[in-house]
Amino acid sequence: MRIAVTIFLTDETITPVRLARELEQRGFAGLYLPEHTHIPVERTTPYPAGGELPREYGRTLDPFVALGQAAAVTDRIGLGTGITLAAQHDPIDLAKQIATLDHLSRGRFTLGLGFGWNVEEAADHGVQWRTRRALVRDRMGLMRALWADEPTPYDGDFASVRASTAYPKPVQKPRGPVTGPRTLVGGAAGPKLFADICAYADGWLPIGGRGLTEALPALRAAWADAGRDPAALQVVPYAVRPSAGKLEHFAGLGVEEVVAQLPPAGEADVLRALDALQPFVDGQGS
């Protein structure tokens, strides 16, 4: 079982460089970073976990800049977003950011995609909430066109691009309907999410991993109906609090990578959290 981590890196936490070096040295599989551009103060959207929105949500570092720093000081660990709010980006700019990071890290990037939960944040980016899923699918279509080996035009419902020269290209070669880096879609289980995963992704990034026993048969059925290779489906439980029993359960479901949650804290506290996770990385967790 590969153990990666996720953390809200902010202006008050451990730095990307310090954390990335520590993860590489300790044998962790990767680093995934979340994204929020801003948190409107006048917000009516409730925090999905309940209660007050934690301080770190309004202080997150840009994940692509932070992961670029991490890439520069490591050679092995994976680098991912958990998640990129693709609806809130210009897709031509986003395609360039993703391809550049993947190229400079020699194919280590994982694009974790999501649809967001903060209506006010999305609205400031011009996103119509009811069409955000379709918008993300359209964004992915446009980016795939820019990542194609030959200049390829794209004319979508929300944006278009002319046939263009656009380098660098992502390292990983096209597979099935997927072009670009390893791509995982986050969100709650259901037919709409599973249709998106089958259409343009390599798999699912479920938060916490609860309910996988019930959800996975439906995802695997949708995957097969879409003509995708059953062996290629990847499921990566995200923001997990690991235990030996939980990891054993995931392994029994065919999960090969888990992303553990780190606290949004300073260096000393984060290093202590890594110490606690180290037995799982070493295969000796209990």
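Gly156 is located in the loop that runs between β6 (154–155) and β7, where helices (H or I, at least four residues) and strands (E, at least two) are DSSP runs numbered from the N terminus. Gly156 is partly exposed, with a relative accessible area of 22%; buried here means under 20% relative accessible area, exposed means over 50%, and partly exposed covers the range in between, with a 1.4 Å probe and protein chains only. The model is a predicted one, in which local features need pLDDT of at least 70 and side-chain atom pairs count only at pLDDT 80 or more, while totals for chains, interfaces and linings use all residues. Residues are numbered from 1 along each chain as its sequence is written, and side-chain values use heavy atoms, with hydrogens and water left out.

The secondary structure of the protein chain comprises 9 helices and 11 strands. The radius of gyration of the chain is 18 Å, close to the 19 Å that the globule rule gives for 286 residues, so the chain is as compact as a globular protein of that length; the radius is taken over C-alpha atoms, and the rule is 2.2 Å times the number of residues to the power 0.38. The C-alpha trace spans about 50 × 40 × 40 Å along its principal axes, and 52% of the 286 residues count as buried. Among contacts between residues at least 6 apart in sequence, 69% join residues at least 24 apart, a contact being heavy atoms within 4.5 Å.

Strand β11 (residues 257–261) is mostly covered, with 5 of its 5 residues buried. In a regular strand the side chains alternate between the two faces of the sheet. In β11, Glu257, Val259 and Gln261 point one way and Val258 and Ala260 the other, and all are buried. Strand β1 (residues 2–6) pairs with β11 in the parallel sense over 5 bridges, pairing being assigned if DSSP finds at least two bridges between two strands. Within this pairing, Arg2 stands opposite Glu257 of β11.

The largest pocket has a volume of about 1200 Å³. On a 1 Å grid over the protein atoms alone, a pocket is an open set of points with protein on both sides within 12 Å along at least five of seven lines, a cavity is a set of points where a 1.4 Å probe fits but cannot get out, and lining residues have an atom within 4 Å of a point. Grid points are joined across faces, edges and corners, and a volume is the space filled by probe spheres set on the points. Of the 40 residues that line the largest pocket, Pro48, Tyr57, Trp117, Ile207 and Tyr238 are the closest to its centre, and the elements giving two or more residues to this lining are α5 (132–147) and β9 (203–205). The lining divides into 23 nonpolar, 11 polar and 6 charged residues, where Ala, Val, Leu, Ile, Met, Phe, Trp, Tyr, Cys and Pro count as nonpolar, Asp, Glu, Lys and Arg as charged, and the others, Gly among them, as polar.

The second largest pocket holds about 230 Å³ of space. Of its 16 lining residues, those closest to the centre are Leu233, Gln234, Val235, Gly254 and Glu256, and α7 (212–225) and β10 (234–235) are the elements that give two or more residues to the lining. By class, this lining has 9 nonpolar, 2 polar and 5 charged residues. A search of the whole structure finds 1 cavity of 30 Å³ or more, and the lining of the largest cavity is made up of Ile7, Phe8, Leu9, Leu33, Pro34, Thr60, Leu61 and Pro63, of which 7 are nonpolar, 1 is polar and none is charged.

Most residues other than glycine have a negative phi, and most peptide bonds are trans. The peptide bond from Gly82 to Ile83 is cis, with omega near 15°, and Ile83 lies in the loop between β3 (78–81) and β4 (84–85). Tyr167 and Pro168 are also joined by a cis peptide bond, with omega about 0°. Arg106, in the loop between α3 (91–104) and β5 (109–114), has a positive phi near 60° and is exposed, with a relative accessible area of 52%. Ala239 likewise has a positive phi, of about 60°, and is partly exposed at 22% relative accessible area.
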